[in-house]
Protein chains: 2
Amino acid sequence: MELTVYVNPFSQPSRAVLIFCKANGIEFKEVTIELDKMQHRTPEYAEINPMKQIPAIVHADFKLFESHAILIYLASTFPGVADHWYPTDVRKRAKIHSVLDWHHSNLRRGSVDYLFNSGVAIAFGLPMDPKAADQGKKLLLESLAMIDSYWLQEDGPFLLGNSQPSIADLALACEVMQLEVVDEKDRDSILSSYKKIPKWVDNTKKAVAPYFDEVHSFLPVAKEMLKELISSKQ
Amino acid sequence: MELTVYVNPFSQPSRAVLIFCKANGIEFKEVTIELDKMQHRTPEYAEINPMKQIPAIVHADFKLFESHAILIYLASTFPGVADHWYPTDVRKRAKIHSVLDWHHSNLRRGSVDYLFNSGVAIAFGLPMDPKAADQGKKLLLESLAMIDSYWLQEDGPFLLGNSQPSIADLALACEVMQLEVVDEKDRDSILSSYKKIPKWVDNTKKAVAPYFDEVHSFLPVAKEMLKELISSKQ
(Lines give C-alpha, C1' and ligand atoms only; values in the text may rest on other atoms or scores of the structure.)
Protein backbone atom coordinates (compact mmCIF):
# COMPACT_ATOMS: atom_id res chain seq x y z
CA MET A 1 0.00 0.00 0.00
CA GLU A 2 1.48 3.31 -1.05
CA LEU A 3 1.84 6.04 1.53
CA THR A 4 1.82 9.66 0.35
CA VAL A 5 2.78 12.40 2.77
CA TYR A 6 1.70 16.00 2.08
CA VAL A 7 4.06 18.33 3.89
CA ASN A 8 6.15 21.47 3.94
CA PRO A 9 9.39 21.55 5.96
CA PHE A 10 8.48 25.00 7.31
CA SER A 11 5.66 23.41 9.29
CA GLN A 12 6.63 21.88 12.64
CA PRO A 13 4.03 19.07 12.52
CA SER A 14 5.09 18.25 8.93
CA ARG A 15 8.68 17.84 10.07
CA ALA A 16 7.67 15.51 12.91
CA VAL A 17 5.84 13.24 10.44
CA LEU A 18 8.71 13.33 7.92
CA ILE A 19 11.35 12.50 10.53
CA PHE A 20 9.18 9.72 11.97
CA CYS A 21 8.82 8.04 8.55
CA LYS A 22 12.51 8.34 7.72
CA ALA A 23 13.75 7.19 11.14
CA ASN A 24 11.47 4.15 11.02
CA GLY A 25 12.26 3.08 7.47
CA ILE A 26 8.71 3.74 6.31
CA GLU A 27 8.61 4.14 2.54
CA PHE A 28 6.61 7.11 1.35
CA LYS A 29 6.10 9.52 -1.49
CA GLU A 30 6.65 13.12 -0.37
CA VAL A 31 4.47 15.86 -1.86
CA THR A 32 5.54 19.36 -0.91
CA ILE A 33 2.67 21.79 -0.49
CA GLU A 34 3.97 25.29 -1.26
CA LEU A 35 2.45 27.54 1.38
CA ASP A 36 3.58 30.81 -0.24
CA LYS A 37 1.79 29.71 -3.43
CA MET A 38 -1.29 28.90 -1.32
CA GLN A 39 -1.30 25.31 -2.55
CA HIS A 40 -2.91 24.30 0.75
CA ARG A 41 -5.93 26.38 -0.24
CA THR A 42 -6.60 24.73 -3.62
CA PRO A 43 -9.73 22.64 -4.24
CA GLU A 44 -7.41 19.71 -5.14
CA TYR A 45 -5.76 19.81 -1.73
CA ALA A 46 -9.11 20.25 0.02
CA GLU A 47 -9.91 16.78 -1.31
CA ILE A 48 -6.94 15.49 0.73
CA ASN A 49 -7.53 17.68 3.79
CA PRO A 50 -10.72 19.76 3.96
CA MET A 51 -9.14 21.81 6.78
CA LYS A 52 -6.55 23.05 4.22
CA GLN A 53 -3.63 22.40 6.52
CA ILE A 54 -0.51 20.30 6.46
CA PRO A 55 0.51 17.59 7.11
CA ALA A 56 -1.91 15.04 5.71
CA ILE A 57 -1.40 11.49 4.49
CA VAL A 58 -3.05 9.16 2.04
CA HIS A 59 -2.36 5.46 2.71
CA ALA A 60 -3.86 3.48 -0.16
CA ASP A 61 -7.45 4.80 0.02
CA PHE A 62 -7.25 6.08 3.60
CA LYS A 63 -6.96 9.83 4.14
CA LEU A 64 -5.88 11.33 7.46
CA PHE A 65 -4.92 14.74 8.82
CA GLU A 66 -3.77 16.16 12.18
CA SER A 67 -0.13 15.32 12.87
CA HIS A 68 -0.61 13.56 16.22
CA ALA A 69 -3.29 11.31 14.72
CA ILE A 70 -0.95 10.62 11.78
CA LEU A 71 1.99 9.72 14.04
CA ILE A 72 -0.20 7.35 16.08
CA TYR A 73 -1.60 5.78 12.90
CA LEU A 74 1.84 5.24 11.37
CA ALA A 75 3.22 3.79 14.62
CA SER A 76 0.22 1.45 14.87
CA THR A 77 0.21 0.37 11.22
CA PHE A 78 3.82 -0.11 10.09
CA PRO A 79 5.30 -3.27 11.61
CA GLY A 80 8.90 -2.01 11.78
CA VAL A 81 8.16 0.75 14.32
CA ALA A 82 9.70 0.04 17.76
CA ASP A 83 7.29 0.00 20.71
CA HIS A 84 8.89 2.98 22.48
CA TRP A 85 7.51 5.39 19.88
CA TYR A 86 3.92 4.61 20.92
CA PRO A 87 3.91 1.94 23.63
CA THR A 88 1.24 -0.74 23.71
CA ASP A 89 1.16 -0.50 27.53
CA VAL A 90 -2.08 1.37 28.31
CA ARG A 91 -0.62 3.62 31.01
CA LYS A 92 2.52 4.54 29.09
CA ARG A 93 0.32 5.28 26.09
CA ALA A 94 -2.06 7.38 28.22
CA LYS A 95 0.83 9.55 29.40
CA ILE A 96 1.88 10.15 25.80
CA HIS A 97 -1.68 11.16 24.88
CA SER A 98 -1.61 13.53 27.86
CA VAL A 99 1.57 15.25 26.62
CA LEU A 100 0.21 15.48 23.07
CA ASP A 101 -3.14 16.91 24.22
CA TRP A 102 -1.36 19.41 26.45
CA HIS A 103 0.84 20.40 23.49
CA HIS A 104 -2.15 21.63 21.45
CA SER A 105 -3.31 24.34 23.84
CA ASN A 106 0.05 25.26 25.31
CA LEU A 107 3.41 24.91 23.52
CA ARG A 108 1.84 24.70 20.04
CA ARG A 109 -0.60 27.57 20.59
CA GLY A 110 2.05 29.77 22.20
CA SER A 111 4.63 29.04 19.51
CA VAL A 112 2.27 29.56 16.57
CA ASP A 113 0.67 32.73 17.99
CA TYR A 114 4.07 34.24 18.81
CA LEU A 115 5.84 33.35 15.57
CA PHE A 116 2.91 34.15 13.30
CA ASN A 117 2.18 37.53 14.82
CA SER A 118 5.80 38.60 15.12
CA GLY A 119 6.84 37.81 11.53
CA VAL A 120 5.34 34.83 9.68
CA ALA A 121 2.05 36.71 9.03
CA ILE A 122 3.90 38.98 6.60
CA ALA A 123 4.77 36.04 4.35
CA PHE A 124 1.03 35.49 3.94
CA GLY A 125 0.32 39.16 3.29
CA LEU A 126 -1.31 39.59 6.68
CA PRO A 127 -0.60 42.25 9.31
CA MET A 128 1.37 41.39 12.43
CA ASP A 129 -0.51 41.74 15.72
CA PRO A 130 1.90 42.81 18.50
CA LYS A 131 -0.60 42.13 21.31
CA ALA A 132 -1.26 38.60 20.01
CA ALA A 133 2.51 38.12 19.65
CA ASP A 134 3.01 39.14 23.30
CA GLN A 135 0.26 36.82 24.52
CA GLY A 136 1.71 34.01 22.38
CA LYS A 137 5.19 34.63 23.79
CA LYS A 138 3.84 34.53 27.35
CA LEU A 139 2.15 31.16 26.72
CA LEU A 140 5.27 29.89 24.92
CA LEU A 141 7.47 30.79 27.90
CA GLU A 142 5.04 29.20 30.37
CA SER A 143 4.92 26.06 28.20
CA LEU A 144 8.71 25.81 27.95
CA ALA A 145 8.88 26.21 31.74
CA MET A 146 6.42 23.31 32.10
CA ILE A 147 8.51 21.10 29.81
CA ASP A 148 11.62 21.98 31.81
CA SER A 149 10.10 21.54 35.26
CA TYR A 150 7.47 18.86 34.74
CA TRP A 151 7.54 16.85 31.54
CA LEU A 152 11.34 16.46 31.86
CA GLN A 153 11.26 16.24 35.66
CA GLU A 154 12.56 12.71 35.92
CA ASP A 155 16.10 11.70 35.13
CA GLY A 156 15.48 9.99 31.77
CA PRO A 157 16.72 11.71 28.62
CA PHE A 158 13.22 12.03 27.09
CA LEU A 159 9.79 13.38 28.04
CA LEU A 160 8.05 11.55 30.90
CA GLY A 161 11.44 10.31 32.08
CA ASN A 162 11.52 7.74 29.28
CA SER A 163 14.80 6.14 28.25
CA GLN A 164 13.81 6.14 24.57
CA PRO A 165 11.89 8.73 22.53
CA SER A 166 8.17 8.64 21.83
CA ILE A 167 6.11 10.42 19.20
CA ALA A 168 5.59 13.17 21.81
CA ASP A 169 9.33 13.95 21.88
CA LEU A 170 9.31 14.33 18.13
CA ALA A 171 6.19 16.53 18.03
CA LEU A 172 7.34 18.86 20.81
CA ALA A 173 11.02 19.04 19.80
CA CYS A 174 10.03 20.04 16.24
CA GLU A 175 7.91 22.81 17.77
CA VAL A 176 10.81 24.13 19.86
CA MET A 177 13.05 24.01 16.77
CA GLN A 178 10.72 26.47 15.01
CA LEU A 179 12.37 29.19 17.12
CA GLU A 180 15.28 28.86 14.66
CA VAL A 181 13.39 31.26 12.39
CA VAL A 182 13.49 34.17 14.86
CA ASP A 183 16.38 36.51 15.47
CA GLU A 184 19.21 34.76 17.34
CA LYS A 185 19.11 37.25 20.21
CA ASP A 186 15.36 36.77 20.68
CA ARG A 187 15.70 32.98 20.49
CA ASP A 188 18.51 32.95 23.03
CA SER A 189 16.56 35.17 25.40
CA ILE A 190 13.57 32.81 25.13
CA LEU A 191 15.50 29.58 25.61
CA SER A 192 18.22 30.67 28.03
CA SER A 193 16.22 30.12 31.23
CA TYR A 194 15.52 26.46 30.61
CA LYS A 195 18.16 24.03 31.74
CA LYS A 196 16.91 20.72 30.39
CA ILE A 197 15.38 21.73 27.05
CA PRO A 198 18.55 22.08 24.92
CA LYS A 199 19.84 18.69 26.10
CA TRP A 200 16.45 17.03 25.46
CA VAL A 201 16.20 18.47 21.93
CA ASP A 202 19.73 17.20 21.34
CA ASN A 203 18.82 13.75 22.66
CA THR A 204 15.85 13.64 20.29
CA LYS A 205 18.03 14.80 17.38
CA LYS A 206 20.61 12.07 18.08
CA ALA A 207 17.95 9.36 18.43
CA VAL A 208 16.78 10.00 14.87
CA ALA A 209 20.09 11.03 13.27
CA PRO A 210 20.69 12.04 10.55
CA TYR A 211 17.04 12.77 9.77
CA PHE A 212 16.39 15.47 12.36
CA ASP A 213 19.10 17.71 10.93
CA GLU A 214 18.24 16.74 7.36
CA VAL A 215 14.57 17.73 7.72
CA HIS A 216 15.44 20.88 9.68
CA SER A 217 18.01 22.08 7.12
CA PHE A 218 15.29 24.20 5.50
CA LEU A 219 14.85 26.41 8.58
CA PRO A 220 17.92 28.68 8.10
CA VAL A 221 16.76 29.24 4.50
CA ALA A 222 13.25 30.06 5.72
CA LYS A 223 14.69 32.46 8.28
CA GLU A 224 16.53 34.44 5.58
CA MET A 225 13.45 34.49 3.35
CA LEU A 226 11.34 35.77 6.23
CA LYS A 227 13.91 38.43 7.15
CA GLU A 228 13.94 39.76 3.58
CA LEU A 229 10.16 39.76 3.39
CA ILE A 230 9.81 41.62 6.68
CA SER A 231 12.39 44.27 5.77
CA SER A 232 10.80 44.75 2.33
CA LYS A 233 7.43 45.50 3.98
CA GLN A 234 8.76 47.87 6.62
CA MET B 1 -8.76 -0.38 41.92
CA GLU B 2 -10.50 2.79 42.97
CA LEU B 3 -11.07 5.51 40.39
CA THR B 4 -11.33 9.11 41.58
CA VAL B 5 -12.49 11.77 39.16
CA TYR B 6 -11.68 15.45 39.87
CA VAL B 7 -14.22 17.59 38.07
CA ASN B 8 -16.54 20.56 38.03
CA PRO B 9 -19.77 20.40 36.01
CA PHE B 10 -19.14 23.92 34.68
CA SER B 11 -16.19 22.54 32.68
CA GLN B 12 -17.04 20.96 29.33
CA PRO B 13 -14.24 18.35 29.45
CA SER B 14 -15.24 17.45 33.02
CA ARG B 15 -18.79 16.78 31.88
CA ALA B 16 -17.60 14.53 29.03
CA VAL B 17 -15.62 12.41 31.49
CA LEU B 18 -18.47 12.28 34.03
CA ILE B 19 -21.04 11.25 31.41
CA PHE B 20 -18.67 8.65 29.96
CA CYS B 21 -18.20 7.00 33.37
CA LYS B 22 -21.90 7.03 34.21
CA ALA B 23 -23.03 5.78 30.79
CA ASN B 24 -20.53 2.93 30.90
CA GLY B 25 -21.24 1.79 34.44
CA ILE B 26 -17.74 2.71 35.60
CA GLU B 27 -17.68 3.09 39.39
CA PHE B 28 -15.91 6.21 40.57
CA LYS B 29 -15.59 8.64 43.42
CA GLU B 30 -16.40 12.19 42.31
CA VAL B 31 -14.44 15.07 43.81
CA THR B 32 -15.76 18.49 42.86
CA ILE B 33 -13.08 21.13 42.46
CA GLU B 34 -14.66 24.52 43.26
CA LEU B 35 -13.31 26.88 40.62
CA ASP B 36 -14.67 30.05 42.26
CA LYS B 37 -12.80 29.09 45.43
CA MET B 38 -9.67 28.53 43.31
CA GLN B 39 -9.40 24.93 44.54
CA HIS B 40 -7.71 24.05 41.22
CA ARG B 41 -4.86 26.35 42.24
CA THR B 42 -4.08 24.76 45.61
CA PRO B 43 -0.79 22.90 46.23
CA GLU B 44 -2.89 19.80 47.11
CA TYR B 45 -4.55 19.79 43.70
CA ALA B 46 -1.23 20.49 41.95
CA GLU B 47 -0.17 17.07 43.28
CA ILE B 48 -3.02 15.58 41.23
CA ASN B 49 -2.61 17.82 38.17
CA PRO B 50 0.41 20.13 38.00
CA MET B 51 -1.32 22.05 35.20
CA LYS B 52 -3.98 23.08 37.76
CA GLN B 53 -6.85 22.23 35.45
CA ILE B 54 -9.82 19.90 35.51
CA PRO B 55 -10.62 17.13 34.84
CA ALA B 56 -8.02 14.77 36.23
CA ILE B 57 -8.25 11.19 37.44
CA VAL B 58 -6.43 8.97 39.89
CA HIS B 59 -6.85 5.25 39.22
CA ALA B 60 -5.18 3.35 42.09
CA ASP B 61 -1.71 4.95 41.92
CA PHE B 62 -2.00 6.24 38.34
CA LYS B 63 -2.59 9.96 37.80
CA LEU B 64 -3.78 11.37 34.48
CA PHE B 65 -4.99 14.71 33.14
CA GLU B 66 -6.24 16.05 29.76
CA SER B 67 -9.81 14.94 29.08
CA HIS B 68 -9.20 13.23 25.73
CA ALA B 69 -6.37 11.18 27.22
CA ILE B 70 -8.64 10.31 30.16
CA LEU B 71 -11.51 9.19 27.89
CA ILE B 72 -9.14 7.00 25.86
CA TYR B 73 -7.62 5.53 29.02
CA LEU B 74 -11.01 4.73 30.55
CA ALA B 75 -12.27 3.20 27.29
CA SER B 76 -9.10 1.08 27.05
CA THR B 77 -9.02 -0.01 30.69
CA PHE B 78 -12.56 -0.75 31.81
CA PRO B 79 -13.82 -4.00 30.29
CA GLY B 80 -17.49 -3.05 30.11
CA VAL B 81 -16.98 -0.22 27.58
CA ALA B 82 -18.46 -1.03 24.15
CA ASP B 83 -16.05 -0.89 21.19
CA HIS B 84 -17.86 1.97 19.42
CA TRP B 85 -16.67 4.48 22.05
CA TYR B 86 -13.04 3.98 21.00
CA PRO B 87 -12.83 1.32 18.29
CA THR B 88 -9.95 -1.15 18.19
CA ASP B 89 -9.89 -0.89 14.38
CA VAL B 90 -6.81 1.21 13.61
CA ARG B 91 -8.43 3.35 10.91
CA LYS B 92 -11.63 4.03 12.83
CA ARG B 93 -9.50 4.93 15.84
CA ALA B 94 -7.28 7.21 13.72
CA LYS B 95 -10.32 9.16 12.54
CA ILE B 96 -11.42 9.66 16.15
CA HIS B 97 -7.94 10.93 17.05
CA SER B 98 -8.19 13.29 14.08
CA VAL B 99 -11.50 14.77 15.33
CA LEU B 100 -10.16 15.10 18.88
CA ASP B 101 -6.92 16.78 17.73
CA TRP B 102 -8.90 19.16 15.51
CA HIS B 103 -11.16 19.95 18.48
CA HIS B 104 -8.27 21.40 20.53
CA SER B 105 -7.33 24.20 18.14
CA ASN B 106 -10.76 24.86 16.67
CA LEU B 107 -14.08 24.26 18.46
CA ARG B 108 -12.48 24.16 21.94
CA ARG B 109 -10.27 27.21 21.39
CA GLY B 110 -13.08 29.22 19.79
CA SER B 111 -15.59 28.28 22.48
CA VAL B 112 -13.27 28.98 25.42
CA ASP B 113 -11.92 32.25 24.01
CA TYR B 114 -15.41 33.51 23.20
CA LEU B 115 -17.11 32.46 26.45
CA PHE B 116 -14.25 33.48 28.72
CA ASN B 117 -13.78 36.91 27.20
CA SER B 118 -17.47 37.71 26.91
CA GLY B 119 -18.44 36.84 30.50
CA VAL B 120 -16.73 33.97 32.34
CA ALA B 121 -13.60 36.07 32.99
CA ILE B 122 -15.62 38.20 35.42
CA ALA B 123 -16.26 35.20 37.65
CA PHE B 124 -12.49 34.92 38.07
CA GLY B 125 -12.06 38.63 38.75
CA LEU B 126 -10.46 39.19 35.35
CA PRO B 127 -11.36 41.81 32.75
CA MET B 128 -13.27 40.82 29.61
CA ASP B 129 -11.40 41.31 26.32
CA PRO B 130 -13.90 42.22 23.55
CA LYS B 131 -11.35 41.72 20.72
CA ALA B 132 -10.42 38.24 22.00
CA ALA B 133 -14.15 37.49 22.37
CA ASP B 134 -14.73 38.47 18.73
CA GLN B 135 -11.83 36.36 17.49
CA GLY B 136 -13.04 33.46 19.61
CA LYS B 137 -16.57 33.82 18.22
CA LYS B 138 -15.21 33.83 14.66
CA LEU B 139 -13.29 30.59 15.28
CA LEU B 140 -16.29 29.10 17.08
CA LEU B 141 -18.56 29.83 14.09
CA GLU B 142 -16.00 28.42 11.63
CA SER B 143 -15.66 25.30 13.78
CA LEU B 144 -19.42 24.78 14.03
CA ALA B 145 -19.61 25.15 10.24
CA MET B 146 -16.95 22.46 9.87
CA ILE B 147 -18.85 20.09 12.16
CA ASP B 148 -22.03 20.74 10.16
CA SER B 149 -20.47 20.42 6.70
CA TYR B 150 -17.64 17.94 7.21
CA TRP B 151 -17.57 15.93 10.43
CA LEU B 152 -21.31 15.26 10.10
CA GLN B 153 -21.23 15.05 6.30
CA GLU B 154 -22.27 11.43 6.02
CA ASP B 155 -25.72 10.18 6.84
CA GLY B 156 -24.96 8.50 10.16
CA PRO B 157 -26.33 10.11 13.32
CA PHE B 158 -22.87 10.68 14.85
CA LEU B 159 -19.55 12.29 13.91
CA LEU B 160 -17.67 10.60 11.04
CA GLY B 161 -20.94 9.10 9.85
CA ASN B 162 -20.85 6.55 12.65
CA SER B 163 -23.99 4.70 13.65
CA GLN B 164 -23.00 4.77 17.35
CA PRO B 165 -21.29 7.48 19.40
CA SER B 166 -17.57 7.66 20.10
CA ILE B 167 -15.65 9.60 22.74
CA ALA B 168 -15.35 12.37 20.14
CA ASP B 169 -19.14 12.88 20.07
CA LEU B 170 -19.15 13.25 23.83
CA ALA B 171 -16.19 15.67 23.92
CA LEU B 172 -17.53 17.93 21.16
CA ALA B 173 -21.20 17.82 22.16
CA CYS B 174 -20.29 18.89 25.73
CA GLU B 175 -18.39 21.82 24.21
CA VAL B 176 -21.38 22.92 22.12
CA MET B 177 -23.60 22.63 25.21
CA GLN B 178 -21.48 25.26 26.98
CA LEU B 179 -23.32 27.84 24.88
CA GLU B 180 -26.19 27.29 27.33
CA VAL B 181 -24.48 29.82 29.62
CA VAL B 182 -24.80 32.72 27.14
CA ASP B 183 -27.86 34.85 26.57
CA GLU B 184 -30.56 32.89 24.70
CA LYS B 185 -30.63 35.39 21.83
CA ASP B 186 -26.86 35.17 21.36
CA ARG B 187 -26.91 31.37 21.52
CA ASP B 188 -29.72 31.13 18.99
CA SER B 189 -27.94 33.51 16.63
CA ILE B 190 -24.78 31.38 16.88
CA LEU B 191 -26.47 28.01 16.39
CA SER B 192 -29.27 28.92 13.98
CA SER B 193 -27.22 28.52 10.77
CA TYR B 194 -26.27 24.92 11.38
CA LYS B 195 -28.72 22.30 10.24
CA LYS B 196 -27.21 19.09 11.58
CA ILE B 197 -25.75 20.20 14.91
CA PRO B 198 -28.94 20.30 17.05
CA LYS B 199 -29.96 16.83 15.85
CA TRP B 200 -26.46 15.43 16.48
CA VAL B 201 -26.33 16.88 20.02
CA ASP B 202 -29.75 15.35 20.62
CA ASN B 203 -28.58 11.97 19.28
CA THR B 204 -25.62 12.08 21.65
CA LYS B 205 -27.87 13.06 24.56
CA LYS B 206 -30.24 10.15 23.86
CA ALA B 207 -27.38 7.65 23.50
CA VAL B 208 -26.25 8.38 27.06
CA ALA B 209 -29.65 9.13 28.66
CA PRO B 210 -30.31 10.10 31.39
CA TYR B 211 -26.72 11.09 32.18
CA PHE B 212 -26.29 13.86 29.58
CA ASP B 213 -29.17 15.88 31.03
CA GLU B 214 -28.24 14.96 34.59
CA VAL B 215 -24.66 16.23 34.25
CA HIS B 216 -25.75 19.31 32.28
CA SER B 217 -28.40 20.29 34.85
CA PHE B 218 -25.85 22.61 36.48
CA LEU B 219 -25.57 24.87 33.41
CA PRO B 220 -28.81 26.90 33.89
CA VAL B 221 -27.70 27.52 37.51
CA ALA B 222 -24.26 28.61 36.28
CA LYS B 223 -25.88 30.90 33.72
CA GLU B 224 -27.85 32.73 36.44
CA MET B 225 -24.79 33.00 38.66
CA LEU B 226 -22.78 34.45 35.78
CA LYS B 227 -25.54 36.91 34.87
CA GLU B 228 -25.68 38.22 38.44
CA LEU B 229 -21.89 38.51 38.63
CA ILE B 230 -21.69 40.39 35.33
CA SER B 231 -24.46 42.84 36.26
CA SER B 232 -22.90 43.43 39.70
CA LYS B 233 -19.63 44.45 38.03
CA GLN B 234 -21.14 46.72 35.39
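1. Lys52(A) lies in the loop between α2 and β3 of chain A, where helices (H or I, at least four residues) and strands (E, at least two) are DSSP runs numbered from the N terminus. The phi of Lys52(A) is near 60°, a positive value in a residue other than glycine. The loop between α2 (43-48) and β3 (56-59) of chain A also holds Pro55(A), and the peptide bond from Ile54(A) to Pro55(A) is cis, with omega near 0°. Most residues other than glycine have a negative phi, and most peptide bonds are trans.

2. This is a predicted model, in which local features need pLDDT of at least 70 and side-chain atom pairs count only at pLDDT 80 or more, whereas totals for chains, interfaces and linings use all residues. Residues are numbered from 1 along each chain as its sequence is written, chains are lettered from A and ligands numbered from 1 in the order in which they are written, and side-chain values use heavy atoms, with hydrogens and water left out.

3. In chain B, a cis peptide bond, with omega near 0°, runs from Ala209(B) to Pro210(B). Pro210(B) is placed in the loop between α8 (197-207) and α9 (211-216) of chain B.

4. Chain A is divided into domain 1 (3-84) and domain 2 (87-232), with bounds that come from an automatic or database domain assignment. The centres of the two domains of chain A, taken over C-alpha atoms, are separated by 19 Å. In contact terms (heavy atoms within 4.5 Å), 21 residues of domain 1 of chain A meet 32 residues of domain 2 of chain A. The area buried between these domains is about 2400 Å², of which carbon and sulfur atoms give 69%; buried area is the accessible area (1.4 Å probe) that two parts lose on being put together, summed over both.

5. Between domain 1 and domain 2 of chain A the count is one salt bridge, a term that requires a side-chain nitrogen of Lys or Arg within 4 Å of a carboxyl oxygen of Asp or Glu. The side chains of Lys22(A) and Glu214(A) meet in a salt bridge at 2.8 Å, N to O. On the side of domain 1 of chain A that touches domain 2 of chain A, the elements giving two or more residues are α1 (12-23) and α3 (67-77) of chain A, and α1(A) gives the most, with nine residues.

6. Chain B can be laid on chain A with an RMSD of 0.0 Å by a turn of 180° and a shift of 0.0 Å along the axis, the superposition being by least squares on the C-alpha atoms of residues with pLDDT of at least 70 in both copies. The two copies are thus related as by a two-fold rotation axis. In chain B, the C-alpha nearest the axis belongs to His104(B), 3.1 Å from it.

7. Between the chains, 36 residues of chain B are in contact with 36 residues of chain A, and about 3000 Å² is buried, 57% of it on carbon and sulfur atoms. Met51(B), Arg91(B) and Asp101(B) supply 20% of the area that chain B buries against chain A, more than any other three residues. The count between chain B and chain A is six salt bridges; the side chains of Arg91(A) and Asp61(B) meet in a salt bridge at 3.2 Å, N to O. The largest share of the side of chain B that touches chain A, 13 residues, comes from α4(B).
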